[in-house]
Amino acid sequence: MKTPIIFDTDPGVDDAQAIAICLAHPDIEFLGMTTTFGNVTIETATSNALLLGELAGQEIPVAQGAAQPLVKDKFPAPAHIHGANGLGNMEIPEPKGKALSISAPQFIVEQVNARPGEITLVAVGPLGNLATALQLDPSIISKVKQVVIMGGSIREGGNVSPVAEANIFNDPHAAAKVLTAGWPLTMVGLDATHRCVLSPAHVERIRVAQGALGEVLSGSYQFYKAFYQEARGIDGCCPHDSCALAWLMKPELFTTERGHLNVEVEGLSEGQTLFAPEGREFLGNQWSQTPLVDVCVNAQGDKVVEWITDVLTAKAS
C-alpha cells in the first residue's frame with residue numbers, strides 16, 4: 001500500500017531535497033504540492049515547486065497558498081541561506097506548467113474529503129495553508145490520516161532566535177492553530193533534524209543518480225552548505241525537510257515523546273514551541289490543556305541520511 005501525501009512547502013534547498021524524495025520513493029503516492037511563503041516569496045515557491053517536478057519528468061499538481069503570515073508582519077526571505085531564488089542562486093529555467101486555479105487550502109480540503117482516512121499532510125514551511133484549511137472545513141481534523149510537521153524545537157533551542165525555529169517563528173499564529181487542532185500529529189523539529197548531516201559525498205551520489213534534478217540538488221546544496229559551515233561549523237547541511245519524510249516512512253529511526261504543545265505568539269519568545277510531556281505534573285495545569293501529540297526528540301542521524309541517499313540513488317543501483 002502506498003502512502004498518499006500532500007506536501008506543503010516553501011522551496012528552499014532542503015525542501016527541494018525532500019520533494020525529490022516524494023518524487024522518487026516507490027511507496028509514496030504524491031498527490032500534490034501546496035506552496036507557502038517562507039524560504040522565498042510565494043511566487044518563487046510556486047515556480048520552484050513546478051520546476052522540480054518537471055525536472056524529474058513528473059506532472060505533480062501545485063496549488064499556491066499563503067503569501068504572508070496570518071497576523072504578524074512578514075520578514076524578508078532568508079536569501080543568505082537559500083539564495084534569492086531559493087535554489088542557491090543557480091541559473092534555472094522557468095517552469096512550463098502553471099499552478100492550479102484553486103488555492104492551497106482549498107486543494108487540501110478537497111483532497112482530504114475525497115479520501116477520508118487516507119491522506120497524510122506533510123508540512124515543511126510556515127503553517128498558514130493548514131491553518132486556513134482548518135478554518136474552511138474543521139471536519140478535516142477527523143478525516144486526515146496524520147499530519148507531519150517539520151518545525152519547532154523542544155530542547156535544542158532555536159535557529160532564528162534563541163528559542164524559535166524558523167517555520168514556527170514565521171507564522172506563530174498559524175502554528176498555534178495547527179499544532180493544537182486535535183488531529184493525529186507528529187512534530188519533527190530541530191531536536192531531530194540537527195542530528196542529521198547530509199555530506200558532500202552523499203550529495204555527489206544523489207547528483208549522479210538524479211539527472212537534471214540532481215544537478216539542481218547538488219548546485220543548490222553548495223550554497224546551503226556554505227551557510228551551515230559558517231553557522232554550525234559542519235561540512236554539509238541539515239536536511240530538515242527530508243527528516244519529516246524519513247519519520248513518516250522509517251519512524252524507527254527516531255525517538256518520540258507524547259505530550260502537549262503550545263506556541264508563543266508574541267514577545268521575546270515569539271515562535272517558541274513549549275512541550276509538556278504526557279503525565280508530567282507541573283505547577284498549574286495550563287501546560288496540558290492542548291491535545292496530545294507526538295514530538296521527535298532525537299534521531300539516528302547517520303541512518304536517516306543513509307535512508308535519504310538510498311531513496312534518491314535507487315534508480316542508479
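Rings of Phe, Tyr and Trp are taken to pair if their centres lie within 6.5 Å, and the close-up views below apply this to a predicted model.

**View 1. An aromatic cluster formed by Y224, F227 and Y228.** Y224, F227 and Y228 form one aromatic cluster, and a search of the whole structure finds three aromatic pairs. A pair of aromatic rings is described by the distance of the centres and the angle of the planes. For Y224 and Y228 the ring centres are 5.0 Å apart and the planes stand at 75 degrees, so the pair is edge-to-face. Y224 and Y228 lie four residues apart in helix α10, and are therefore separated by about one helical turn. Y224 is buried, with a relative accessible area of 2%, and Y228 also counts as buried, at 5% relative accessibility.

**View 2. The aromatic pair of F75 and F169.** Among the three aromatic pairs found in the whole structure, that of F75 and F169 has ring centres 5.4 Å apart and planes at 40 degrees, so the pair is tilted. This pair links distant parts of the chain, 94 residues apart, with F75 in the loop between β3 (62-64) and α3 (79-82) and F169 in helix α6 (residues 166-170). F75 is partly exposed, with a relative accessible area of 46%, whereas F169 is buried, with a relative accessible area of 14%.

**View 3. The packing of helix α9 against helix α10.** Helix α9 (residues 200-209) and helix α10 (residues 211-232) pack with their axes 6 Å apart and at an angle of about 155 degrees. Because angles over 145 degrees count as roughly antiparallel, α9 and α10 are described as roughly antiparallel to each other. On the side of α9 the contact is made by P200, V203, I206, R207, V208 and A209, and on the side of α10 by G211, G214, E215, L217, S218, Y221 and K225. By class, this contact of α9 with α10 has seven nonpolar, three polar and three charged residues.

View 4. C237 is buried, with a relative accessible area of 0%, and C238, at 1% relative accessibility, counts as buried.

Notes:
Residues are numbered from 1 along each chain as its sequence is written. This is a predicted model: local features need pLDDT of at least 70, side-chain atom pairs count only at pLDDT 80 or more; totals for chains, interfaces and linings use all residues. Side-chain values use heavy atoms; hydrogens and water are left out. Axes are lines fitted to C-alpha atoms, for helices over the stretch in contact, and angles run from 0 to 180 degrees between N-to-C directions. Helices (H or I, at least four residues) and strands (E, at least two) are DSSP runs, numbered from the N terminus. Angles under 35 degrees count as roughly parallel, over 145 as roughly antiparallel, 65 to 115 as roughly perpendicular and the rest as oblique. Contact means heavy atoms within 4.5 Å. Ala, Val, Leu, Ile, Met, Phe, Trp, Tyr, Cys and Pro count as nonpolar, Asp, Glu, Lys and Arg as charged, and the others, Gly among them, as polar. Buried means under 20% relative accessible area, exposed over 50%, partly exposed in between (1.4 Å probe, protein chains only). Rings of Phe, Tyr and Trp (its six-membered ring) pair if their centres lie within 6.5 Å; planes under 30 degrees apart count as stacked, over 60 as edge-to-face and the rest as tilted.
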